[in-house]
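Keep the viewer open as you read.

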Amino acid sequence: MSFIRKAIKSMDGYTPGEQPGQGKFIKLNTNENPYPPSPAVKAAVIEAIERLPRYPDSLATSFRLAAASVLNVDPEQILCGNGSDDLLTILTRAFVEPGAKLRLPYPSYVLYKTLALLQGAEPDEQPLTADWLPSAAFAASQDGVQLAFLPNPNSPTGTRAPREVVEATAKSIGCPLIVDEAYVDFAEEHCLPLVDSCSNVIVTRTLSKSYALAGLRFGYLVAPTELVVELRKVKDSYNCDTLSIAAATAAIMDQSWFEENRRRIVATRQRLTVALRELGFSVIDSEANFVWCEHSSAGAQPLFQQLKDRGVLVRYMKYSRWREGLRISIGTDEQIDALLSLLPQLV
Ligand SMILES: Cc1ncc(COP(=O)(O)O)c(C=O)c1O
């Protein structure tokens, strides 16, 4: 098709993790939550069906009110999206002109680079330091850099930059800094206070991980009110549907379900980290719902395949300028036990 823009023809699209048919594998490859969402979600979706003949509330007001009281922010500071990927797209479209640069750490979430290329912009990848922090080059102000993404905790490492480091980065970088907190509910600290203290910080969150709603597609961002007004112009009018707004609102209101779920995942992550190290893996300390590991002798690709052949799906990742390894999502205790029972024969 010769009418396609050059920028699109010359790029690879983003490839999401494998989604095999239900029940085929113990699925530890795409950082989903292994537990079901709050029972309140089901009731809310059923109740919302009656409202389907009408268009949804384009600003997802019920969710913003509920989230604002949980997060202690103003509802006017919140913008909702069809998953946080939708918000990352909206932010790229709003801030980045074709030909400009979009800064990201390396290694990090591969979608950022795709979004830059889609926009006709140049990805400006800056390697993380040996301590997994944004480097001085990442934090440096530079002409032409119009947006920076900082996943915190990061994927695929699971590491987190302390709030003071993110704050110092925001103060020096000279462009909007998007702190992508997709995994922050599994971490020890978050950066929401920076939205008030640094005028260029925007925090994005998702209900896909800690609220067990990856299939629903719902995320939100917290930004200065005057910026949210501008971002509303960029989003699709109805980027969240009636069912997803009802479900997300019910989920965020059930904080006790959420807390219990999060506690279990963090405990299982600790157990998995210790067990993998005993088996000769080097494991990066993670604050997310996954761990990155490499074995001292067994290759990551053969290990991935052998586990898959035995019904356990993890993520094999190879970063050409960094490393290859396995990213293992935290499953239920039973799922992690099944993985751990296979590994001694394979390494
Ligand atoms: C760092 C990071 N940000 C954002 C997302 C997207 O999440 P969502 O399901 O809300 O689109 C992911 C998904 O894996 C992620 O790893």
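The shell around the ligand is made up of four nonpolar, seven polar and two charged residues; here Ala, Val, Leu, Ile, Met, Phe, Trp, Tyr, Cys and Pro count as nonpolar, Asp, Glu, Lys and Arg as charged, and the others, Gly among them, as polar. In total 13 residues surround the ligand, and the closest are Gly83, Ser84, Asp85, Thr206 and Ser208. To be near a molecule, a residue needs its C-beta atom, placed from the backbone, within 6 Å of it.

Please keep in mind that this is a predicted model: local features need pLDDT of at least 70, side-chain atom pairs count only at pLDDT 80 or more, and totals for chains, interfaces and linings use all residues. Residues are numbered from 1 along each chain as its sequence is written.

Now for the sheet. Seven strands form an open sheet with mixed pairing, in the order β2-β8-β7-β6-β5-β3-β4. Helices (H or I, at least four residues) and strands (E, at least two) are DSSP runs, numbered from the N terminus, and two strands pair if DSSP finds at least two bridges between them. At the edges you will find β2 (78-81) and β4 (122-127), each pairing on one side only. From one strand to the next, the twist averages 25°. Inside the sheet, β7 (residues 201-206) and β8 (residues 219-222) run antiparallel and are joined by four bridges, with Arg205 opposite Tyr220 in β8.

Helix α4 (residues 84-95) packs on this sheet and touches β2, β3 (101-106), β5 (145-151), β6 (177-180), β7 and β8. Contact means that two C-beta atoms, placed from the backbone, lie within 7 Å. The direction of α4 makes about 155° with that of β7; axes are lines fitted to C-alpha atoms, for helices over the stretch in contact, and angles run from 0 to 180 degrees between N-to-C directions.

Is Leu150 buried or exposed? Leu150 counts as buried because it has 26 C-beta neighbours inside 10 Å, the cut-offs being 20 or more for buried, 12 or fewer for exposed, and partly exposed in between. Beyond its neighbours within four places in sequence, Leu150 is in contact with residues including Pro105, Val166 and Ile178.

Finally, look at helices α11 (residues 255-278) and α13 (residues 333-346), which pack at about 10° with their axes 10 Å apart. The two are therefore roughly parallel, a label for angles under 35 degrees. Thr268, Arg271, Leu272 and Ala275 in α11 meet Asp333, Ile336 and Leu340 in α13.

Notes:
Parallel < 35°, antiparallel > 145°, perpendicular 65-115°, else oblique.
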